[in-house]
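Student: Could you take me through the reading of a structural model, one feature at a time, giving the general idea before the case at hand?

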Amino acid sequence: MSLDQKFTESAEKVKTFTKRPTDQELLELYALFKQASVGDNTTDKPGMFDLKGKAKWQAWTDKKGTGQDAAKEAYIKLVEELSAKYA
């Protein structure tokens, strides 16, 4: 199975979790997913009243410089770890 197939499969697996991961775990999932699928964050920083948007933006920006394949591998690994707790 290719890396892209495993990545897509992991993204689908997250949707089947029966319990909600912690906010920090969700931010990590989001950041790795965005880095793997889009690359470095080039979007404008959200306004100061958009706390959720700022947290997501910062988490993604913190992954800057991580290659897309490396981000996919990290995402797959994280989903495997979380599925043991939340699936």
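Tutor: What follows is a conversation about the helices, the core, the pocket and a few single residues.

Student: What kind of model is this, and how are residues numbered?

Tutor: This is a predicted model, in which local features need pLDDT of at least 70 and side-chain atom pairs count only at pLDDT 80 or more, while totals for chains, interfaces and linings use all residues. Residues are numbered from 1 along each chain as its sequence is written, and side-chain values use heavy atoms, with hydrogens and water left out.

Student: Which residues does UniProt list for "domain: ACB"?

Tutor: UniProt positions are given in the numbering used here, with feature names shortened, and annotations may be inferred rather than shown by experiment. The unreviewed UniProt entry lists residues 3–87 for "domain: ACB". Over residues 3–87 the chain is 67% helix and 0% strand, with the end C-alpha atoms 22 Å apart; helices (H or I, at least four residues) and strands (E, at least two) are DSSP runs, numbered from the N terminus.

Student: How does the span of helix 2 agree with its 15 residues?

Tutor: The expected span of a helix is 1.5 Å times one less than its number of residues. For helix 2 (residues 23–37), the 15 residues should span 21 Å at 1.5 Å a residue, and the end C-alpha atoms are 21 Å apart, which agrees. Helix 4, with 19 residues, reaches 26 Å from its first C-alpha to its last, close to the 27 Å expected at 1.5 Å a residue. Just after helix 2, Gly-39 takes a positive phi of about 105°.

Student: Which residues of helix 2 are buried, and what covers them?

Tutor: Buried means under 20% relative accessible area, exposed over 50%, and partly exposed in between (1.4 Å probe, protein chains only). An α-helix has 3.6 residues a turn, so residues three or four places apart point the same way. In helix 2 the buried residues are Glu-25, Leu-27, Leu-29, Ala-31, Leu-32, Gln-35 and Ala-36, and what covers them includes helix 1 (3–14), helix 3 (51–61) and helix 4 (68–86). In helix 4, the buried residues include Ala-71, Lys-72, Tyr-75 and Ile-76, and the buried residues of helix 4 pack against helix 1 and helix 2; contact here means heavy atoms within 4.5 Å.

Student: How many residues does the largest nonpolar core have?

Tutor: A nonpolar core is a set of buried Ala, Val, Leu, Ile, Met, Phe, Trp, Tyr and Cys residues joined through side-chain atoms within 4.5 Å. The largest one has 13 residues, and those with the most contacts inside it are Phe-7, Phe-17, Leu-29, Tyr-75, Leu-78, Val-79 and Leu-82. Helix 1, helix 2 and helix 4 are the elements that give two or more residues to this core, and helix 4 gives the most, with seven residues. Not counting residues up to four places away in sequence, Phe-17 touches Val-79, Leu-82, Ser-83, Tyr-86 and Ala-87.

Student: What is the volume of the largest pocket, and which residues are closest to its centre?

Tutor: On a 1 Å grid over the protein atoms alone, a pocket is an open set of points with protein on both sides within 12 Å along at least five of seven lines, whereas a cavity is a set of points where a 1.4 Å probe fits but cannot get out; lining residues have an atom within 4 Å of a point. Grid points are joined across faces, edges and corners, and a volume is the space filled by probe spheres set on the points. The largest pocket has a volume of about 420 Å³. Of the 17 residues that line this pocket, the closest to its centre are Leu-26, Leu-27, Leu-29, Tyr-30 and Lys-56. Helix 1, helix 2 and helix 3 each give two or more residues to the lining, and helix 2 gives the most, with six residues.

Student: Where is Tyr-30 placed, and what is it in contact with?

Tutor: Tyr-30 is in helix 2 and is partly exposed, with a relative accessible area of 25%. Leaving aside neighbours within four places in sequence, Tyr-30 is in contact with Lys-56 and Trp-60.

Student: Is Lys-63 buried or exposed?

Tutor: Lys-63, found in the loop between helix 3 and helix 4, counts as buried because its relative accessibility is 17%.
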